[in-house]
Amino acid sequence: MPARPGLTRSLPFILFIGLMALEPVLEPLLPTGFDARWLYGIRVGLVLLLLLAFWRHFSELTERTPTPGREWILGLGVGVIVFFLWINLDVKLLALGGGEGFDPRADGRVVLGLAAARLAGATLVVPVMEELFWRSFLLRWLQHPSFLSVDPRAVGMKALLISSALFATEHRLWFAGLLAGLAYAWLYKRSGNLWVPILAHAVTNGLLGAYVLTTGSWIFW
């Protein structure tokens, strides 16, 4: 077990957010002709490498947790519900500022590589990174600093609400983010298996990506 289990679950998320915050500084330094939109793919790739480096320390992901089939079905359903809530809660009072989102087009046509990198990152990497940080670490840490000893099924309402409220601040659609955080935390508390909220999160992000590419609603990316 690593000496600082909280750090291994936080560093991938910190790296992701830190590189995102640095993008305005990095863009002017990029070589001429380099498309700055590829910074997202680079960011996700670095986070993936860090997750793989720490993987053996993530007992909540590597240890088998007996989970009834109904929990997996519920995870799928929650992921779909959160997606529909997300695209219908884009209203001024429930959003933080504007933004243009991630537009993978060039000359009016979608650049497949950019779209694939964004979709793969949002569907396969971000759910693992965020659920490790927000649910496995922060949610349980708020219950007790020795978070690895906390059974997620024993987490109280205070920890659930605080972690979900903080999760909401990460998103432009803060109210949709709050509902998503509550839903994913509830799944973890109910099932005791982190893979269930990861599945729900991945379904939400995957459907959102398909919706964005189908409708051109880049603001959701």
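This is a predicted model: local features need pLDDT of at least 70, side-chain atom pairs count only at pLDDT 80 or more; totals for chains, interfaces and linings use all residues.
Two residues are in contact here when heavy atoms of theirs lie within 4.5 Å.

Serine 191 is in contact with Glu71, Arg153 and Val196, leaving aside its neighbours within four places in sequence. Serine 10, with residues up to four places away in sequence not counted, touches Phe133 and Phe137. Here are the two side by side:

| Residue | Helix | Relative accessibility |
|---|---|---|
| Serine 10 | H1 (residues 5-26) | 8% |
| Serine 191 | H7 (residues 174-191) | 6% |

Buried means under 20% relative accessible area, so serine 10, at 8%, counts as buried. Serine 191 counts as buried because its relative accessibility is 6%.

What lies 2.8 Å from a polar atom of the side chain of serine 191? That is the backbone oxygen of leucine 187. The backbone nitrogen of asparagine 193 lies 3.2 Å from a polar atom of the serine 191 side chain.

**Helix H4**

Glu71, one of the contacts of serine 191, is also among the buried residues of H4. The buried residues of H4 pack against H7 and helix H8 (195-215). On the other side of H4, you will find Arg70, Ile73, Ile81 and Asn88 exposed.

How does the length of H4 work out? At 1.5 Å a residue, its 20 residues (69-88) should span 28 Å, and the end C-alpha atoms are 29 Å apart, which agrees.

Technical notes: Residues are numbered from 1 along each chain as its sequence is written. Side-chain values use heavy atoms; hydrogens and water are left out. Helices (H or I, at least four residues) and strands (E, at least two) are DSSP runs, numbered from the N terminus. Buried means under 20% relative accessible area, exposed over 50%, partly exposed in between (1.4 Å probe, protein chains only). A polar contact is a pair of N or O atoms within 3.5 Å; within protein, one must be able to donate a hydrogen and the other to accept it, and residues adjacent in sequence count only if both atoms are side-chain atoms. The expected span of a helix is 1.5 Å times one less than its number of residues.
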